[in-house]
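User: I am new to this structure and would like to learn how to read it, one feature at a time. Could you take me through it?

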Amino acid sequence: ECLLPTSGHLYFFYVLGEQNWEGTENSVRVIYEENEDLHRADFPADLADEYRLKKTPLSFVVQNSYPSWDDFQCKCPEYDVSCDVLDAVMEKFNSEQPYDTIGSMLGWADLIQGNIVEDTDDKVLLLQLNSIESVDADELMFGDCGAIYFYISRQDCKNKCFDRIKFELQCY
């Protein structure tokens with residue numbers, strides 16, 4: 001759909017220490033920088049060591065994604081499909097995915113506690129970032145092994161307007 005900018009950088013910010021569930025009080029921000037005017041800065045002197053995350057390289061691959069039960073029910077309420085049937089289908093599709101992921105952009109979110117947006121025709125998943133437990137990277141926890149989700153309207157994304165994000169943290 002050509003939603004994302006083709007140049008520049010998207011920066012995602014979330015205040016880890018507050019574990020703010022819905023991104024209020026300036027705890028969440030997405031910044032799009034078309035020019036390369038940003039520069040690396042040192043961590044603030046008073047920032048606790050647990051929040052000084054190391055740079056971690058990421059790889060991106062294209063994968064199929066499918067709606068969760070909640071998203072499916074919102075999108076297609078006229079279909080009478082049991083949760084067990086949809087779970088079995090999802091398990092089969094997920095077993096065919098060749099990569100483990102720590103997150104995703106666009107596509108369908110892997111929801112933990114239920115749908116975040118009602119209108120999936122208008123709102124798209126900009127980023128999902130899962131908790132990270134790894135010996136190769138810093139631990140990154142959202143609640144109890146949860147994930148953070150950034151949604152945006154299709155129009156705002158196409159217009160490079162990233163200041164009206166719908167954010168939520170979900171965990172087990």
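Analyst: Start with a single residue. Leucine 106 counts as partly exposed because its relative accessibility is 27%, and partly exposed covers the range between under 20% for buried and over 50% for exposed. Keep in mind that this is a predicted model.

User: Where is leucine 106 found?

Analyst: Leucine 106 sits in the loop between E3 and E4. Its backbone deserves a look as well. Most residues other than glycine have a negative phi. Leucine 106, although not a glycine, has a positive phi of about 60 degrees.

User: What is the phi of cysteine 145?

Analyst: The phi of cysteine 145 is near 60 degrees, again a positive value in a residue other than glycine. Cysteine 145 belongs to the loop between E4 and E5. With a relative accessible area of 30%, cysteine 145 is partly exposed.

User: How many helices and strands does the protein have, and in what order do the elements run?

Analyst: Reading secondary structure begins with a count and an order. The protein has three helices and six strands. Starting at the N terminus, the elements follow the pattern β-β-α-α-β-β-β-α-β.

User: How many bridges join E5 to E6?

Analyst: Five bridges join these two antiparallel strands. Two pairs can be picked out by residue. Tyrosine 151 has lysine 166 in E6 as its bridge partner. Tyrosine 149 stands opposite glutamate 168, also in E6. As a general idea, side chains in a regular strand alternate between the two faces of the sheet.

User: Is E6 mostly covered or mostly open?

Analyst: E6 is mostly covered, since four of its five residues are buried, that is, under 20% relative accessible area. For the protein as a whole, 29% of the 172 residues count as buried.

User: Which residues have the most contacts inside the largest nonpolar core?

Analyst: To read a core, ask how many residues it has, which of them make the most contacts, and which elements supply them. The largest nonpolar core here has 20 residues, and Tyr14 and Phe150 have the most contacts inside it. At least two residues of this core come from each of strand E2 (28-33), strand E4 (123-130), strand E5 (147-153) and strand E6 (166-170). Apart from this core lies another, of eight residues, including Ala109, Leu111, Leu125 and Ala147.

User: What does tyrosine 14 touch?

Analyst: Leaving aside residues up to four places away in sequence, tyrosine 14 touches Gln19, Asn20, Ser27, Val28, Phe142, Ile148, Phe167 and Leu169. Contacts can also be sorted by separation along the chain. Among those between residues at least 6 apart in sequence, 61% join residues at least 24 apart.

User: Which residues form a nonpolar patch on the surface?

Analyst: Leu58, Phe60, Ile102 and Met105 form the patch, and together they have about 390 Å² of accessible area. Methionine 105 is placed in the loop between E3 and E4, and is partly exposed at a relative accessible area of 30%. The accessible surface of the protein comes to about 11,700 Å², and 49% of this belongs to carbon and sulfur atoms.

User: How many salt bridges are there?

Analyst: There are three salt bridges. In each, look at the distance, the place in the chain and the exposure of the partners.

- Glutamate 34 pairs with lysine 160, with the closest N and O atoms 3.6 Å apart. The two are 126 residues apart: glutamate 34 is in the loop between E2 and helix H1 (69-75), and lysine 160 is in the loop between helix H3 (154-158) and E6. Glutamate 34 is partly exposed at 44%, as is lysine 160 at 37%.
- Aspartate 49 and arginine 52 meet at 3.7 Å, N to O. Aspartate 49 is exposed at 65%, whereas arginine 52 is partly exposed at 26%.
- Arginine 164 pairs with aspartate 156, with the closest N and O atoms 2.6 Å apart. Aspartate 156 is buried, with a relative accessible area of 10%.

Conventions
Residues numbered from 1 in each chain as written. Predicted model: local features only at pLDDT ≥ 70, side-chain atom pairs only at ≥ 80, totals over all residues. Heavy atoms only, no water. Core = buried A, V, L, I, M, F, W, Y, C linked by side-chain atoms within 4.5 Å. Buried < 20%, exposed > 50% of the residue type's maximum accessible area, 1.4 Å probe, protein only. Contact = heavy atoms within 4.5 Å. Pairing = 2+ DSSP bridges. Patch = residues over 30% accessible without salt bridge, like charges linked within 9 Å, V, L, I, M, F, W, Y side chains within 5 Å. Areas by Shrake-Rupley, 256 points an atom, 1.4 Å probe, with all protein chains shown as cover. Salt bridge = Lys/Arg side-chain N within 4 Å of Asp/Glu carboxyl O.
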